Amino acid sequence: MAPIDDNSVDPPRQHVTVAVVLPVYETFSYSVPAHLSDQARPGMRVLVPFGRRTVTGYLIGPDRQTDSREIKQILDVLDDSPLFPETMIPFFQWIASYYMHPPGLVVNTALPAGLNMTDIAVLTIDENGIQALASSSTGPVEKSILAALSEGPASIKQLQKKIGRPVPWALIHRMRQRKWLLLDRRIEGGRIRPKTIRMVALEKSENFSRRLSRQRRAICDILKAEGDLSVPALKKRIPTAATLVRGMQKAGQVAVYEKTISRDPFGDPIEPDTTPRLTGEQTRAVRQMAPLLGRGFKTVLLAGVTGSGKTEVYLRLTRAAISKKMQVLVLVPEIGLISQTERRFRARFGERVAVLHSGLSRGERYDQWLRIVKEEAAIAIGARSCIFAPFTDVGLIIVDEEHDSSYKQETGLRYNARDLAVVRGRHHKALVILGSATPSVQSWHNVTIGKYDLATLSKRINRQPLPEIRTVDLSLSRDERGIQRYITPQLQKEIRNTLDEGNQALIFLNRRGFSAFPICAHCGQALRCKNCDISLTLHKKANAFRCHYCGFTKAATSACPSCGSEDIKLLGMGTEKVQEAMVQLFPDARVARMDRDTMNRKGAIVRLLKDLKHRRIDILVGTQMVAKGHDFPGITLVGVVCADLTLNFPDFRSGERTFQLLAQVAGRAGRGEHPGKVVLQTFNPDHFTIGAAKNQDFKKFFDQEISFRKALAYPPFSRMVAVRISGKDPQKTAEMAGKIGTNGRRMLANAGPGGSRVKLMGPIEAPLARIANRHRWQLLISSPDVAGLHRLVHELMQGPNSVATGRDIRVSVDVDPFFLM
């Protein structure tokens, strides 16, 4: 018997840091069991115990602490290889800190949806519960719960749906104490998997019987001639192939195996393009920016008028980056623009392009993500979430239409993809290009202070002049009735001339629906949403009034809720009413509409753009969707029905948004062979924003706007954080807002001299005081000192003296808010 070595010790355990997919603001240490130590790598999902639950987490890296404390072990590793490169972890950590968001939820936002597993509480009725169900002393709520569970086990969510009311955990706890219920936990989720297909391969000839049927012999001949084929491919030749293959597999004549394939989101193949000749300005822009690739971090604002060929500059810079073995990120503001951009990049770069956006199915997005992870694609194109593409060596990041507010995510992780592009560029030492015909005030200010470089494109590539813009004063037609009130004679005349010349017209109104302000003719009350402080909008095609905030609907035949009168006057207007007016005024024209109501189906935007290209549409009516970078060469007239809709919002950026929107939509005109015209209808023709848009003078607008921002210490001269409080009880919500405000002022008073640079405004009710039955308050906190501002908000929301909010009140933090409504 071998002697025992008393000096032997257990090998040190591997400790790792995990970010769990829960609303917690820290990471946690776990140990890795020996049988998983070779598999667990940063960037992989792990299944971990957390309290009494089992949840998904992301392995961030080794735990640097060396103490010998007892910590929980990870239960399983869920991936064969990392879902994101280790180089992205500092980027995720920066996001979690800056936007004050739980790190596990940051990674979860970045990854394709549908990957994560979690455990679900499942309730089952016990024998005592069956007896309680029959007892007359059992309360009605408990009876309804027991009756529902007598039909089978259910989760809390399923139970609430069955009985039609909330089920408090306190009640479930009491019923468990009485032994009426059993609670078990079940792992669910993680439904997205690689797509596989059954492949058929020919076995060796000695396994064949000499007496093969004619159809089996045909399958063998096909496989011998063409190699391995999928079962669906064989079925196209021989309809009964699936059944035949099963029999041939049993007989040892063929082998069947699974092959992983990608779900193709692209659709039709695209022919390679011919590289056009650059204009002098494009050549200078490329020569200015291309040498910056690989020379460290740099941000360049590419300010180019509409139709100046910014996309071709992007393509040339991408070619230069690819030639240096770099990876490229291309961001566009709307899903509707991705198809146009993706087609141009695929025509130039073929299979090296991947797309990432929410318009893909979960499976398609997962496959595109894996293509990038496996380095099968070097270019990723998408909307704001594309900034998280799992590249390891990003050399070029392009943000097209950088001014667009769509880059700001308004729920969950409230990030701005344009700002993250600059941050990620700094992390990768990459070149970042921000392109726009109407740059944001923030980006232009960064040029003026030397933080960004500037490249310009001042002329259109076809040498066409910018469109002529003429304003029409709507106050002169306020007494008109019917169509004449909002489609003025001047606009009607220009549309008629455009159609007679064989060209196309674009009519713009940034409000969808038919009537945006239905009121009762008897008592004067507006028809309002029952859940929100907002009037309903009539959607005539759907024959319903709808709320654009919470989705509440009621029949178009509904009577006034105040007095019962059925005489509802349909005031206000939307794109649906404008479309109907176009059909009435121009019965010979083919009219289409482009807004969220008509473009919500997959492929709808592509079909409409094809119809425009092939002149199957004469008049296009649309919201801001039509203003974002689309190229409509047949459109020579743009009519703006009302330029003032966004001008008077209670938001310091309303003038900037209005200028950008008007300049962008005007830029859709005259991009082809014929010059363009714009008819801009407004109640405020003398407003400096309208005047700057009419003259297409961004510099004049910026000079006046920046002086206003500086005087009031608004961004970009300060940073801002919005703290939003919402709850179903108006009094409790107001009290909580007051407590947070009082706490914040106390912290400022104790902060010493540094606190004087931080300004706390509010709390006040939000301009939209109620949405989806939740009452809303907000505080605005601003300071030119970014570090001091973030320290205060961190302390206010997560510090030891922060106010406990409870389950009924939600408090969210929006760093660098875009919308203050």
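Colleague: Which strands make up the open sheet that has S19 in it, and in what order?
Modeller: Six strands, in the order S19-S29-S28-S20-S27-S26, with parallel pairing. Strands here are DSSP runs of E with at least two residues, helices are runs of H or I with at least four, and both are numbered from the N terminus. Two strands pair if DSSP finds at least two bridges between them.

Colleague: And which are the edge strands?
Modeller: Strand S19 (468–473) and strand S26 (591–594), each of which pairs on one side only. On average, neighbouring strands of this sheet are turned by 20° against each other, ignoring direction. Angles run from 0 to 180 degrees between N-to-C directions, and the axes are lines fitted to C-alpha atoms, for helices over the stretch in contact.

Colleague: Before we go on, what kind of model is this?
Modeller: It's a predicted model: local features need pLDDT of at least 70, side-chain atom pairs count only at pLDDT 80 or more, and totals for chains, interfaces and linings use all residues. Residues are numbered from 1 along each chain as its sequence is written, and side-chain values use heavy atoms, with hydrogens and water left out.

Colleague: OK, back to the sheet. How many bridges join S28 to S29?
Modeller: Four, between strand S28 (residues 635–640) and strand S29 (residues 677–682), which run parallel. In that pair, Val-640 stands opposite Leu-680.

Colleague: Which strands does helix H16 lie across?
Modeller: Helix H16 (residues 489–500) lies across S19, S20, S27, S28 and S29, at about 165° to S28. Helix H17 (residues 575–585) packs on the sheet too, touching S20, S26 and S27, and its direction makes about 170° with that of S26. Contact means heavy atoms within 4.5 Å.

Colleague: Now the sheet with S12 in it. What's the strand order there?
Modeller: Seven strands, S14-S15-S13-S16-S17-S12-S18, in an open sheet with parallel pairing. Its edge strands are S14 (353–356) and S18 (453–457).

Colleague: What joins S12 to S17?
Modeller: Six bridges, between S12 (residues 298–304) and S17 (residues 431–436), running parallel. Val-300 stands opposite Ile-433 there. Helix H14 (residues 417–428) packs on this sheet, touching S12, S13, S16 and S17, and its direction is at about 165° to that of S16.

Colleague: Switching to helix pairs: at what angle do H15 and H21 pack?
Modeller: About 90°, with the axes of H15 (residues 441–448) and H21 (residues 698–712) 11 Å apart. That makes H15 roughly perpendicular to H21; the label covers 65 to 115 degrees, with under 35 counting as roughly parallel, over 145 as roughly antiparallel and the rest as oblique.

Colleague: Which residues make that contact?
Modeller: On H15 they are Val-441, Trp-444, His-445 and Thr-448. H21 brings Phe-698, Lys-699, Phe-701, Phe-702, Glu-705, Ile-706 and Arg-709.

Colleague: How about H18, which of its residues are buried?
Modeller: In H18 (residues 604–613) they are Ala-604, Ile-605, Leu-608, Leu-609 and Leu-612. They sit on the same side of H18, because they cover an arc of only 130° around the axis, the arc being that of the directions from the helix axis to the C-beta atoms. Buried means under 20% relative accessible area, exposed over 50% and partly exposed in between, with a 1.4 Å probe and protein chains only.

Colleague: And is His-790 buried or exposed?
Modeller: His-790 counts as buried because its relative accessible area is 9%. His-790 lies in helix H23 (residues 786–798). Leaving aside neighbours within four places in sequence, His-790 is in contact with Tyr-98, Met-100 and Val-815.

Colleague: How many disulfides does the search find?
Modeller: Zero in the whole structure, where a disulfide is a pair of cysteine sulfur atoms within 2.5 Å. For Cys-563, the nearest cysteine sulfur is that of Cys-520, 3.6 Å away. Cys-563 counts as partly exposed, because its relative accessibility is 36%.

Colleague: Last one: what does the hairpin of S31 and S32 look like?
Modeller: There are two residues between the strands, and Ala-772 in the turn has a positive phi of about 55°. S31 (residues 759–771) and S32 (residues 774–783) run antiparallel and are joined by seven bridges.
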